[in-house]
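Please look through the sequence and the model before reading on.

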Amino acid sequence: MSRERHVKLFKNGRNQAVRIPREFELPGEDAVIRKEGERLILEPAPPRPLLALLATLLPLREDFPPIEELPVTRVEI
C-alpha cells in the first residue's frame, strides 16, 4: 500500500529543502538522492565500507615499544 502526503518546500540558504514527516523518517544521518525523470528518489545511504571509515581516522602520533622477536618453534601434528 502506497502512502502519500503533501509537504511544503522551502529555501534553506541557496538550497531547496523539504521537511520529511515522521512516518517517512529515514534511519541514520546520511541519505542518497537521485532524479529519475520528474521524480526525486530519496533513500537511506548504504553503510560505508570499513576501509572508507578507516581512511577518515587520523594517524597515531605515538611511538610504540619494539616487539621482541620470539624463537620459532615447530609444531608437529
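## Model and confidence

This is a predicted model, in which local features need pLDDT of at least 70 and side-chain atom pairs count only at pLDDT 80 or more, while totals for chains, interfaces and linings use all residues. Residues are numbered from 1 along each chain as its sequence is written, and side-chain values use heavy atoms, with hydrogens and water left out.

The pLDDT is the predictor's confidence in each residue, on a scale from 0 to 100. Its average over the protein chain is 90, and 97% of the residues score at least 70. Confidence is highest in strand 3, at 96, and lowest in helix 1 (residues 50–55), at a mean of 88. Helices (H or I, at least four residues) and strands (E, at least two) are DSSP runs numbered from the N terminus. Where pLDDT is low, the predicted coordinates should not be read in detail.

Two strands count as paired if DSSP finds at least two bridges between them. Strand 1 (residues 9–12) runs antiparallel to strand 2 (residues 15–18), and four bridges join them. Within this pairing, K11 has Q16 of strand 2 as its bridge partner. The two strands form a hairpin with two residues between them, and G13 in the turn has a positive phi of about 70°.

Strand 3 (residues 31–36) and strand 4 (residues 39–44) are also antiparallel, and six bridges pair them. Opposite K35 stands L40 of strand 4, and opposite R34 stands I41 of strand 4. This hairpin has two residues between its strands, and G37 takes a positive phi near 65°. In a regular strand the side chains alternate between the two faces of the sheet.

Exposure is given as relative accessible area: buried means under 20%, exposed over 50%, and partly exposed in between (1.4 Å probe, protein chains only). Contact means heavy atoms within 4.5 Å. Both I20 and D30 are placed in the loop between strand 2 and strand 3. I20 counts as partly exposed because its relative accessible area is 43%. The C-alpha atoms of I20 and L40 are 13 Å apart, with the residues 20 apart in sequence. D30 has a relative accessible area of 52%, so it counts as exposed. Residues up to four places away in sequence aside, D30 touches P44 and A45. From D30 to P44, 14 residues apart in sequence, the C-alpha to C-alpha distance is 6.5 Å.

I33 lies in strand 3. Is I33 buried or exposed? I33 is exposed, because its relative accessible area is 56%. It touches L40, I41 and L42, leaving out residues up to four places away in sequence. The C-alpha atoms of I33 and R5 are separated by 19 Å, and the two residues are 28 apart along the chain.

## The largest pocket

On a 1 Å grid over the protein atoms alone, a pocket is an open set of points with protein on both sides within 12 Å along at least five of seven lines, and lining residues have an atom within 4 Å of a point. Grid points are joined across faces, edges and corners, and a volume is the space filled by probe spheres set on the points. The largest pocket has a volume of about 940 Å³.

Its lining consists of 20 residues, and V7, V18, L40, I41 and L42 lie nearest the centre. Strand 2 and strand 4 each supply at least two lining residues, and strand 4 gives the largest share, four residues. By type, the lining divides into twelve nonpolar, three polar and five charged residues. Here Ala, Val, Leu, Ile, Met, Phe, Trp, Tyr, Cys and Pro count as nonpolar, Asp, Glu, Lys and Arg as charged, and the others, Gly among them, as polar.

How values were computed: 1 Å grid on protein atoms, 1.4 Å probe; cavity = no way out; pocket = protein on both sides within 12 Å on 5 of 7 lines; lining within 4 Å.
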